[in-house]
Amino acid sequence: MDIMASPPRRGRFRPPAAARVLGLVCLILMTGCREDSVFTPIGPVANGERLIILDSVVIMLAIVIPTILATVVVAWWFRASNRRAKRDPSFVYSGRVELVVWSIPALTILFLGSLAWISAHDLDPAKPLKSNVQPLDVEVVAMDWKWLFIYPTQGVATINRLVAPTGTPLRMHLTSATVMNTLFAPEVGSQIYVMNGMVGTMWWQVDRTGTYFGQSNMFSGDGFPGMRFEVAGVSPAQFDAWVAATRGRGPALDETGYRALLKQSSDLKPYAYGSVAPGLFDAIVQQKLPPGEGPVQAGNKNPFVRPVRSP
Amino acid sequence: MKLLGKLDWSAIPFDQPIPLAAGALVIVVILGVVALIFAKGWAPYIWNEWICSVDHKRIGVMYCSLAMVMLVRGFIDALMMRTQQSVAFHSGGYLPPEHYDQIFSAHGTIMIFFVAMPFVIGLMNFVVPLQLGVRDVAFPTLNSVALWLTAAGVLLVNMSLVVGEFSRVGWLPYPPLSELTYSPGVGVDYYCWALEISGIGTLAGGINLVTTILKMRAPGLSYTRMPIFCWTALASNLMIIAAFPVLTATLAMLLLDRYLGFHFFTNTMGGNQMMFMNLIWIWGHPEVYILVLPAFGVYSEVVSTFSGKPLFGYRSMIVATMAICIISFLVWLHHFFTMGPGGDVNGVFGIASMIIAVPTGVKIFNWLFTMYGGTVRFRVPMLWSIAFMITFVIGGMTGVMLAIPPADFILHNNLFLVAHFHNVIIPGVLFAAFAGYVYWFPKAFGFKLDEGWGKAAFWFWVIGFYLAFMPLYVMGLEGMPRRMQSYDVPQWQPWAHVATVGALSIMCGIACMVIQLVVSIRNREQLRDDYGDPWDGRTLEWITPSPPPEFNFAVMPNVTGEEAYWGLKEAAREQQRITRPVPEYEDLEMPRNSPTGFVCAFFAVMMGFALIWHIWWLLVLGFIGAYATLVVFAWRDLHERIIPKEEVARIDLENRARRNLALQEGRV
Ligand code: HEM
Ligand SMILES: [Cu+2]
């Protein structure tokens, strides 16, 4: 026997404590998510994804909770001080137990694997959304550190504001004028990486009017937290009105305007461009317009040692 | 041409009081310790017996010590991030982005490469040769080189605190952000060179342990009799050999981009950033299993010992281990489902990732059945193990969620992901390290660690863990991205406060561990492990005295079954004395201590620093020094030292006497 072993005392190890913590956790999770989150989807994409998350959690909890309980119960029951526990140190192999032990996780994974396979296809971000409504084209450019949304058909563009007519699929083509980013709005749905010189396709749809939070979700440098945008869900009529009111007014997004945008800046308030040079997006993708220039030009003392973000 | 390359006064962050003060404090502490060592006259001992040591046990201890010191550094970073996020709602908080971004990058880098890795490698180094019944690892001096190259990486990372800056692009330097255009500072260079140098050390250590396990086992210790910890160590080190060269090569390509204008991963001129992500994760996913497999090994040893039972399903554990070893190379793409590769590719990799959960689940159940029918003693290592089993299944569950591509489309890269990987890596690796630390401490030092403070640390850590990371799941579901220096969404802030409280609880846990160590050293006489088997162990390391002599075993043990030591102990208990006859002692040859590792690392730091700051003459100097060290080592005449048989006999007989006494008194 172990020489130092004071007889294990009751009350030292308290499984109820662990159980209590776990209960608290579940409670936290459930209450926490009633606020704006992936559990308050406003479109078919987020809706589908929320369903997958819930399904998989429920399926797995069916094993996870019993496993946790079994761990606590077995450990506690076989504690050294329990006279009633039947000891059997020779219980080191059992073909039947092994079979069960391999098949439980295997079956679960078989089930969840099918879910993964099917949903990976169904909810592929590039897969067109089924709808009777004509999709709206939006071209998205990630910049240091703001989002440029171009409406090629309407000939307008916005910074940090995605205006989305409700019930209309958004066919988005995305690229980056700088480093990698992802366009992310938790209540709307999927994200994909945007990269310079490449185009990604992603479909979104907003079904409810309102303003929703969006943010780049892939760290892209010092100004990253300010790379927010809002998703404005508006009725189709309001959308048309907005386009009519915007077109031809305010600044124009031509090559000069674009080059000015390439300079690093963050926390920009949303604003709109009344006109967009045709083919701008393609020129960015084909790198006819250069990618963002990084912090060098920002006028630091010695940028090659510790560059500081320009104000 | 400037003599010091890019280095000038602008490198010192006079405008940032926090790193400056922290750096000054560290320098003062280090100077203080060095002064103390010289004042007390300990310097020759430390130099000869530790720094130059090629003894795998001492190297193991030094690896673990390095890891513990770096845990404190990494944790201070974590605490700063937590407090920043608590206050940075609608405000800049107290850390500007230029600084905050360095902190999360340093935290991740340090925790993975300089806490988890050295801790796990240290335990393997210490334990594996003892469990295999051999006197040292295959290449003892290489082992020392590996240790000191890791330390060189640590030094470079910490130097960046006061000289220049550390990387600001995260723990993995995704291009093009990490390219010269977007990160012109020296931070990424610090990161890359530190990891290039320590990576070579890790690879050398991996080769060493694989060779040891494959070639140097005690007579009769066939593969199917090897303790499970050795199996997991074998798997882990095989993975190191396969994966670390990929990391080294990938970072080398990035360095070529940055130094010589190559275009591997740049935006322009045909660079391909997606290649970087593939390459880095081909190393990165195996890396997590490199860490977690030996941790599973620790848990297997601990659960079996403290349940008083052999491990349930030993062979299925081996199968599970080796299955994980292979499958983990086939899943890297799950780190970028959101790159848009399409349903087929995402589906295949999603399923492959889930398949790993099967052998992992099997392991959990096997530990459960190891306890079943046993006599469970809730000593500190066992508490860590039980907390691990409970907590890890939650992390595993969220991991499987992230392996479902559409779920990942919405959870990727936000705090849900951060919660998930802390939820697997802290219970999975850190708790195992702590369990192993308490479990093998008496073997290393001859006395046990204080139980009360150990339990206090345990509770603070576990409760702190739940408080610190469960809120992150919620924040993730509420859409909070990772790496946010400040934010405007009010609903995140309460959870950030809870997480800060959790981090404070972890801080208390760490404090308890420090106190535990101090108290235990003070009370070492009461805590003495006088005959070498304090936990009623089952594997060969417990046959040696604590601490084991330099040569570990006076004669190589002869293994006749699984659980080599347990069988002998049972026989001895019956007879109330050691049943093995006193052997014929012989002179033993042991490798000589050598400063090669330390000197090598010294020149490696010199070269790393020179490369970071473009000080080319220093680079040449460092290279010549390193090469000269190699030549001197290769031309040495004496490489072994004889331990006379009288000395061997004295040590072994004394141990036998102590053990016999303990057996007679019924203490074994
Ligand atoms: C000891 C308690 C710990 C706390 C309180 C903690 C906290 C944190 C926090 C707040 C972040 C930043 C999350 C964000 O991006 O917003 C983070 C990131 C990270 N942590 Fe920890 N952590 C702890 C331990 C560990 C350990 C033990 C490891 C690994 C062995 C680890 C590995 C990482 C990594 C790799 C990152 C990502 C860094 C990045 O974004 O590049 N952490 N941690
Ligand atoms: Cu992975």
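Mentor: What follows is a talk about sheets, charges and backbone geometry in a predicted model.

Trainee: What makes B:Asp77 and B:Arg73 a salt bridge?
Mentor: The cut-off is 4 Å between a side-chain nitrogen of Lys or Arg and a carboxyl oxygen of Asp or Glu. Here the N to O distance is 3.4 Å, so the pair counts as a salt bridge under that cut-off. Both residues lie in helix 3 (residues 56-87) of chain B, four residues apart, about one turn of the helix. Over all chains, the structure holds 27 salt bridges.

Trainee: Which residues make up the patch of negative charge on the surface?
Mentor: B:Glu584, B:Glu586, B:Asp587, B:Glu589, B:Glu640 and B:Glu646 gather there. Asp and Glu count as negative, so this patch of Glu and Asp residues carries its label. One of them, B:Glu589, sits in strand 1 (residues 588-591) of chain B.

Trainee: How do you know that strand 3 and strand 12 of chain A pair?
Mentor: Pairing needs at least two bridges. Strand 3 (residues 156-159) and strand 12 of chain A have three bridges, in the antiparallel sense, so they qualify as a pair. Within it, A:Ala157 stands opposite A:Tyr273 of strand 12.

Trainee: Where does that pair belong in its sheet, and why are strands 8 and 12 of chain A at the edges?
Mentor: The sheet is open, with six strands in the order 8-5-1-2-3-12 (chain A) and mixed pairing. Strand 8 (200-205) and strand 12 (271-273) each have a single partner strand, so one side of each has no neighbour in the sheet. On average, neighbouring strands of this sheet are turned by 25° against each other, direction ignored.

Trainee: What is the strand order in the open sheet of five strands?
Mentor: The order is 4-10-9-6-7 (chain A), again with mixed pairing. Strand 4 (161-165) and strand 7 (193-194) of chain A are its edge strands, each pairing on one side only. Strand 6 (residues 181-184) and strand 9 (residues 210-216) of chain A run antiparallel and are joined by two bridges. The cut-off is at least two, so they count as paired. A:Leu183 has A:Ser216 in strand 9 as its bridge partner.

Trainee: What makes the backbone at A:Asp267 worth a remark?
Mentor: Most residues other than glycine have a negative phi, and most peptide bonds are trans. A:Asp267 is not a glycine, yet its phi is positive, about 55°. A:Asp267 lies in the loop between helix 5 (255-262) and strand 12 of chain A.

Trainee: Which peptide bonds are cis?
Mentor: One joins A:Asp144 and A:Trp145, with omega about -15°. A:Trp145 is in the loop between strand 1 (136-143) and strand 2 (146-151) of chain A. Another runs from B:Ser546 to B:Pro547, with omega near -10°. B:Pro547 is in the loop between helix 15 (493-522) and helix 16 (564-575) of chain B.

How values were computed
Residues are numbered from 1 along each chain as its sequence is written. Chains are lettered from A and ligands numbered from 1 in the order in which they are written. This is a predicted model: local features need pLDDT of at least 70, side-chain atom pairs count only at pLDDT 80 or more; totals for chains, interfaces and linings use all residues. Side-chain values use heavy atoms; hydrogens and water are left out. Axes are lines fitted to C-alpha atoms, for helices over the stretch in contact, and angles run from 0 to 180 degrees between N-to-C directions. Patches are made of residues with over 30% relative accessible area and no salt bridge: like charges are joined within 9 Å, nonpolar side chains (Val, Leu, Ile, Met, Phe, Trp, Tyr) within 5 Å. Accessible areas come from the Shrake-Rupley method with a 1.4 Å probe; for residues, only the protein chains shown count as cover. The place of a charge is taken as NZ of Lys, CZ of Arg, CG of Asp or CD of Glu.
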